[in-house]
Amino acid sequence: MDYKKIILDLSRTQDERIQAAFKLENIADDNSIKAIGQALLNDPSPIVRHECAFSLGETAAAREAGPYLIKAIEEDQNIFVVHEAILALGTLGDRRFIPFIKKFLKDSRAEISESAEIALQRIRT
């Protein structure tokens with residue numbers, strides 16, 4: 001199956017697109033990460049975008065996945081997606097993300113500030 005096509009095919013169900021993200025996170029090559037990143041930034045479903053953020057964090061590819069997560073954090077209007085993208089940056093474990101994540105420690109939304117705390121703990125341990 002071509003999971004890179006499935007994840008971006010809006011005629012597929014949300015679950016099919018989510019399952020494609022999980023398959024692609026295990027492949028974690030540049031094209032797989034790009035497909036997950038495109039879905040994170042463009043899928044109309046917040047739950048699909050949330051799971052794409054999670055999947056990018058699981059790729060262990062900070063250099064490739066980080067820019068998609070940062071863009072989602074800066075631009076996505078859904079708190080659920082932003083929360084997961086912050087956690088995913090922490091899961092990637094790259095210390096270069098620390099200054100960016102720290103900006104969210106004082107966010108007025110507890111879901112965001114607490115996610116930033118957890119993300120920083122993940123990087124520091």
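**Salt bridges and a helix pair**

A: Let's start with a pair: Arg 109 forms a salt bridge with Asp 107 (a side-chain nitrogen of Lys or Arg within 4 Å of a carboxyl oxygen of Asp or Glu), and their closest N and O atoms are 2.8 Å apart. This is a predicted model, where local features need pLDDT of at least 70, side-chain atom pairs count only at pLDDT 80 or more, and totals for chains, interfaces and linings use all residues. Residues are numbered from 1 along each chain as its sequence is written, and side-chain values use heavy atoms, leaving out hydrogens and water.

Q: How many salt bridges does the count come to?
A: The count comes to seven.

Q: Okay, and what does Arg 17 pair with?
A: Arg 17 forms a salt bridge with Asp 43, with 2.7 Å between the closest N and O atoms.

Q: Are Arg 17 and Asp 43 buried or exposed?
A: Both are buried, meaning under 20% relative accessible area, with exposed being over 50% and partly exposed in between (1.4 Å probe, protein chains only).

Q: Switching topic, which residues of α3 are buried?
A: Ser 32, Ile 33, Ala 35, Ile 36, Gly 37, Ala 39 and Leu 40.

Q: And what do those pack against?
A: The buried residues of α3 pack against α1, α2, α4, α5 and α6, where contact means heavy atoms within 4.5 Å.

Conventions. Helices (H or I, at least four residues) and strands (E, at least two) are DSSP runs, numbered from the N terminus.
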